[in-house]
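Please study the sequence and the model shown below. The paragraphs that follow lead through its strands, its helices and its charged side chains.

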Amino acid sequence: MDIGVLTFVTDEGIGPAELGEALEQRGFSSMFLAEHSHIPVNAKTPYPGGGPIPRKYYRTLDPFVALTAAAVATEKLIVGTGIALIPQRDPIHTAKEVASLDLVSRGRFVFGVGVGWFREEIANHGVDPAVRGRVVDERLDAIIKIWADEKAEFHGEFVNFDPIYSWPKPVQKPYPPLYLGGGPAGFKRIARLNAGWIAMTPTAQVLSRQVEKLRAVADHDVPVINSHLGESTAKELEGYLPLGLEQVLVELPTEPRD
């Protein structure tokens, strides 16, 4: 089981290239970055962690730009989105960004995606938050077709385009590992896409029950990356070993280099 890092890279913290180098030197396997395009000023959606939205949410860099910097500065470090907010992303642009980063990183990119929780942020991108799950389904299907087909086309309720050419195609085949964030409500989507799951739990005990449910829904073994929310001691992390996880991600605070 590998140990990686989940963090917010902002204009007030250590830069992504230097952070990537430092993580690789210390033996971490990966760096996953969060995404928020903006934070609405007068939002009514409550912050899932309780209380006010942390400052780092307002200032996070675009993850694809930051991960590109980290990929160029490292040799083996896996770079990933944790998570890219698909209701806020144009599928044609996103397909190209993912394939480009997969090429630049020489096949070291993991595409973590999600539906998103911030209703006003989603609405500002022209998407009704009430149907964001259906939007995600269509956009992911369209993105996969762009990666797979020489002449890709898609016709749906929310995504519609006639045949297009789009290169580069991903280095990893058939495409970079796809992991969906969120809870049990997304298990059917994970099973349909034959994807992995980026979980977010405080203990191995909580995750164990959820993994059993996920694998029952999918009817096959599903790769799981867990974002550990609790205290990151060796004892806590060792509890995940029997679960057969791909990785555990520990949270790194957003701080300046020193």
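This is a predicted model: local features need pLDDT of at least 70, side-chain atom pairs count only at pLDDT 80 or more; totals for chains, interfaces and linings use all residues.

Two strands pair if DSSP finds at least two bridges between them. Strand β8, residues 178-181, pairs with β9 in the parallel sense over 3 bridges. Together with helix α7 (residues 187-193), β8 and β9 make a right-handed β-α-β unit. Here a crossover is right-handed if, with the strands pointing away from the viewer, the path from the first strand over the helix to the second runs clockwise.

On to the next pairing: β9 and strand β10 (residues 224-228) also pair in the parallel sense, over 5 bridges. Asn-226 has Val-248 of β11 opposite it.

How many residues of β10 are buried? The count is 5 of its 5 residues, and the strand is mostly covered. Buried means under 20% relative accessible area, exposed means over 50%, and partly exposed lies in between, with a 1.4 Å probe and protein chains only. Both faces of β10 are covered: Val-224, Asn-226 and His-228 are buried on one side, as are Ile-225 and Ser-227 on the other. Strand β9 (residues 196-201) has 5 of its 6 residues buried, so β9 is largely enclosed by the rest of the structure.

Attention now turns to a pair of helices. Two packed helices are described by the angle between their axes and the distance between the axes. Helices α4 and α6 (residues 132-148) pack at an angle of about 50°, with their axes 9 Å apart. The axes are lines fitted to C-alpha atoms, for helices over the stretch in contact, and angles run from 0 to 180 degrees between N-to-C directions. Why are α4 and α6 called oblique to each other? Angles under 35 degrees count as roughly parallel, over 145 as roughly antiparallel, 65 to 115 as roughly perpendicular and the rest as oblique, and α4 and α6 are therefore oblique. Their crossing is right-handed; a crossing has this label if the near helix is turned clockwise from the far one by less than a right angle, and is left-handed if anticlockwise.

The charged side chains come next. Side chains of opposite charge can pair when their charged atoms come close. A salt bridge is a side-chain nitrogen of Lys or Arg within 4 Å of a carboxyl oxygen of Asp or Glu, and by this rule the count comes to 16 salt bridges. One of them joins Arg-59 and Asp-11, with the closest N and O atoms 2.7 Å apart. This pair links distant parts of the chain, 48 residues apart: Arg-59 lies in helix α2 (residues 55-59) and Asp-11 in the loop between β1 (2-7) and α1 (16-25). Arg-59 also meets Glu-12 in a salt bridge (3.5 Å, N to O). Arg-59 counts as partly exposed at 30% relative accessibility, and so does Asp-11 at 49%. Asp-11, Glu-12, Arg-55 and Arg-59 are linked in a network of salt bridges.

Another salt bridge joins Arg-106 and Glu-75, whose closest N and O atoms are 3.5 Å apart. Arg-106 lies in the loop between α4 (91-104) and β5 (109-114) and Glu-75 in the loop between α3 (63-72) and β3 (78-81), so the pair ties together parts that are 31 residues apart in sequence. Arg-106 is partly exposed at 49% relative accessibility, whereas Glu-75 is exposed at 58%.

Methods:
Residues are numbered from 1 along each chain as its sequence is written. Side-chain values use heavy atoms; hydrogens and water are left out. Helices (H or I, at least four residues) and strands (E, at least two) are DSSP runs, numbered from the N terminus.
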